[in-house]
Amino acid sequence: MKSKVYFTKRISPEMLRDMYHALGIELPGKVAIKLHSGEINNQNFLRPTYFKPIIDELQGTVVECNTAYGDYYGGVRDHTENHRILLEKHEWTKYFTVDLMDAEGPDAVLKIPNGIILKQNYVGKHLLNYNSMLVLSHFKGHPMGGYGGALKQLSIGCASSKGKAWIHSGGGSTSNIECWEKHAEQDRFLEAMADAASSVADHFNGRIAYINTMKNLSVDCDCVTNAEAPCMQDIGILASLDPVAVDQACMDRIYEAKDDPGQEHFLERVNSRHGTHILEAAEKLEMGTRSYELILVD
């Protein structure tokens, strides 16, 4: 059966809210809003004001976790104190309640009995405080994953600092130093990401929705300091209750953009990292389907 993916070319705070309503779901209870808050000196991340109407309506809490950069990747979000300072600088705390879910341990452990690589996932323990989740992804490229969308937000995004190391190393280490020395082979890394993503989706069990914004389409993630400038034109907003379908639909919009002079560069980033393998792995885990019906929203 095909999943429904809603698509609009109009990108605005109000349209983002309307795309949530198009899904026909009412997220219950205390709602976690998972998004990317942007690394220091990153110029491409989507600003808090873009998300304000939908977060205000849901009375949601913006949730993030610390990174696992260590001395390998730069940035400041691998330490709680510096991360909180940056959240304030980027004005997230000006508009919203923000929960750094792994600011205090121990991590929560989500089991993955049918995982391809991982059999458990380490997430910020505050994840367990929420009844539902809205995943608001900035779809763009990524230096290691090829692309970043809903599946990345579920996996790397919800993982604690130790959990990120666990995913990157394919279950080899929870150390943010050792994980780079023991980094998994690329397909194994992507499969570990899919495993981790499945554990979060299973945890919320139908009380979760996904909206991807295709804007500021750089080959670099919002986790990169001084990221490369966007290479493609803005495309639109896509929404679904299926994280596999919404990411696949975004990739298909990239494939269709043959007249965009930046398409080749963007796809080189995705293909050189075998980025779409995460979609294959997630479908194998029965997280969703790559087959979808695209529904246009004016």
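User: Which residue just after H11 takes a positive phi?
Analyst: This is a predicted model. Helix H11 covers residues 277-284. Just after H11, with a positive phi of about 65°, comes Glu-286.

User: Which elements do the buried residues of H11 pack against?
Analyst: The buried residues of H11 are His-277, Ile-278, Leu-279, Ala-281 and Ala-282. Their packing partners are strand S9 (146-148), helix H5 (150-154), helix H8 (186-204) and helix H9 (243-256).

User: How are the rings of Phe-139 and Phe-266 arranged: stacked or edge-to-face?
Analyst: A pair of aromatic rings is described by the distance of the centres and the angle of the planes. For Phe-139 and Phe-266 the centres are 6.5 Å apart and the planes are at 25°. Planes under 30 degrees apart count as stacked, so the pair is stacked.

User: How many residues apart are Phe-139 and Phe-266?
Analyst: Phe-139 lies in the loop between strand S7 (132-138) and strand S8 (140-142). Phe-266 belongs to helix H10 (residues 263-272). The pair links distant parts of the chain, and the separation is 127 residues.

User: Is Phe-139 buried or exposed?
Analyst: Buried means under 20% relative accessible area. Phe-139 has 0% relative accessibility, so Phe-139 counts as buried.

User: What radius of gyration does the protein chain have, and what would a compact globule have?
Analyst: The C-alpha atoms fill a box of roughly 45 × 40 × 40 Å along the principal axes. With 298 residues, a compact globule would have a radius of gyration near 19 Å; the chain agrees with this, at 17 Å.

User: What percentage of the residues in the protein chain is buried?
Analyst: The chain exposes about 11,900 Å², with carbon and sulfur atoms supplying 45% of it. Of the 298 residues, the buried ones make up 61%.

Notes:
Residues are numbered from 1 along each chain as its sequence is written. This is a predicted model: local features need pLDDT of at least 70, side-chain atom pairs count only at pLDDT 80 or more; totals for chains, interfaces and linings use all residues. Side-chain values use heavy atoms; hydrogens and water are left out. Rings of Phe, Tyr and Trp (its six-membered ring) pair if their centres lie within 6.5 Å; planes under 30 degrees apart count as stacked, over 60 as edge-to-face and the rest as tilted. Helices (H or I, at least four residues) and strands (E, at least two) are DSSP runs, numbered from the N terminus. Buried means under 20% relative accessible area, exposed over 50%, partly exposed in between (1.4 Å probe, protein chains only). Contact means heavy atoms within 4.5 Å. The radius of gyration is taken over C-alpha atoms; the globule rule is 2.2 Å times the number of residues to the power 0.38. Accessible areas come from the Shrake-Rupley method with a 1.4 Å probe; for residues, only the protein chains shown count as cover.
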